[in-house]
Amino acid sequence: MCSRNNSRLSICCWLSCLLLYGLLWKDTLRSTDPTHWMVTNQENEPLVHSSFRVPQSRAIRPLKDVLKSEWVAVLKALVHSMSRNREISLVTSNMAYRDVLLNWLISATVRCHISIETILVISLDENLHTFLSKKKVNSVYIPPDSLLDPDARFCVEFERLMIIRLTVLRLLCHWGVDVVNYDTDAILLQDPHPLYSMYERSDIVGSVGVIPDNLYQEWGITICIGVVLFRSSPQLESYWNAMDDECKKSFDDQEKLNCGLKALHIQWMNNDKYTTVAYGSTNNGLQVTVLPYMYVCRLESCTPDQRDTVYIWHRGGSRNTKNKQSEAQYGKTWFLKYGWHMLPKAELLTGVQWLQSISYWGVTHS
């Protein structure tokens, strides 16, 4: 009897040691993976791993100079405090698109109850950053001249935003942060996070795009930059580097996202953009999920009768702020009160309470 008890005790001790070893091994693996060392990063460690590259390297200043910019350290510190066990929602805007941005913030926080603490705005001018900071909305101001090469030639002004946005996404993924990028006109009507979690093994979960045209013609779908989740992983890290190697012709961030998948020889299943989820896998093991229009409507597929069924309304197509407002009003997805900046009560509020006070949601849609 004594011998049997000793045997059971030995087995229990052996199993306990094995479990402890497994946990320590898992933690060691995570801490040595350069895509995750943001979690345990110390102040005296470098901001990026030595292999780090940016997809638009020919359009930005030398990386060593960019990393000395104040905004990089501010971004690192802010996302470190925001991202513990949570995905970050990222939007990029300037003062000219402030109303469109506020409408998006209302849709995310007031309508869908997404925590404002998990939302980050990349502000392209200082006035917007100052305004958002006073209202307790997470914001990082990135002076374009601190990042962009002064000799780079851009076809349209919007390309500057694309380069800044993709650089920020690249940094966040390298730091081990899971991030969802949204266009400001990709209006949230239901919290999409439960939808994303259905595809938890995917490194990228995005909505259907139609650009670039050559890849759309070849694949039948593309990934839209306007709604896309990146989950930090070693496969994703090599994807960003492939993008830098193979996709130098355009500054368009959506073209680069899809060019990177092409460079890794993605193979697709189920490319019906309307009702069927598409799955893709690359030669380095990157897993990609594309959500159809029934979840994230786009362009002509966005109609007013879909307002209560889709997760995200992203009619889009225009870069004019008045047109974006008109498109949202067409779909009854414009929640920002007219004359919001003149409401005396709103002046005293911050955060979600402030967004609630300048919103029609909860008043006409209660």
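A pair here means Phe, Tyr or Trp rings (for Trp, the six-membered ring) with centres within 6.5 Å; planes under 30 degrees apart are stacked, over 60 edge-to-face, and the rest tilted. Bear in mind this is a predicted model, where local features need pLDDT of at least 70, side-chain atom pairs count only at pLDDT 80 or more, and totals for chains, interfaces and linings use all residues. Residues are numbered from 1 along each chain as its sequence is written, and side-chain values use heavy atoms, with hydrogens and water left out.

There are 10 aromatic pairs in the structure. Take F131 and W354: ring centres 5.6 Å apart, planes at 75°, so that's edge-to-face. F131 sits in helix α5 and W354 in helix α14, 223 residues apart; helices are DSSP runs of H or I, at least four residues, and strands are runs of E, at least two, numbered from the N terminus.

Buried or exposed, this W354? Buried, at 1% relative accessibility, and F131 is buried too, at 16%. The cut-offs: buried is under 20% relative accessible area, exposed over 50%, partly exposed in between, with a 1.4 Å probe and protein chains only. And the charged end of R98 sits over the F131 ring, 4.7 Å from its centre; that takes NZ of Lys or CZ of Arg within 6 Å of the ring centre and within 35 degrees of the ring normal.

Now the serine. S202 is in the loop between α8 and β6, and it's buried at 8%.
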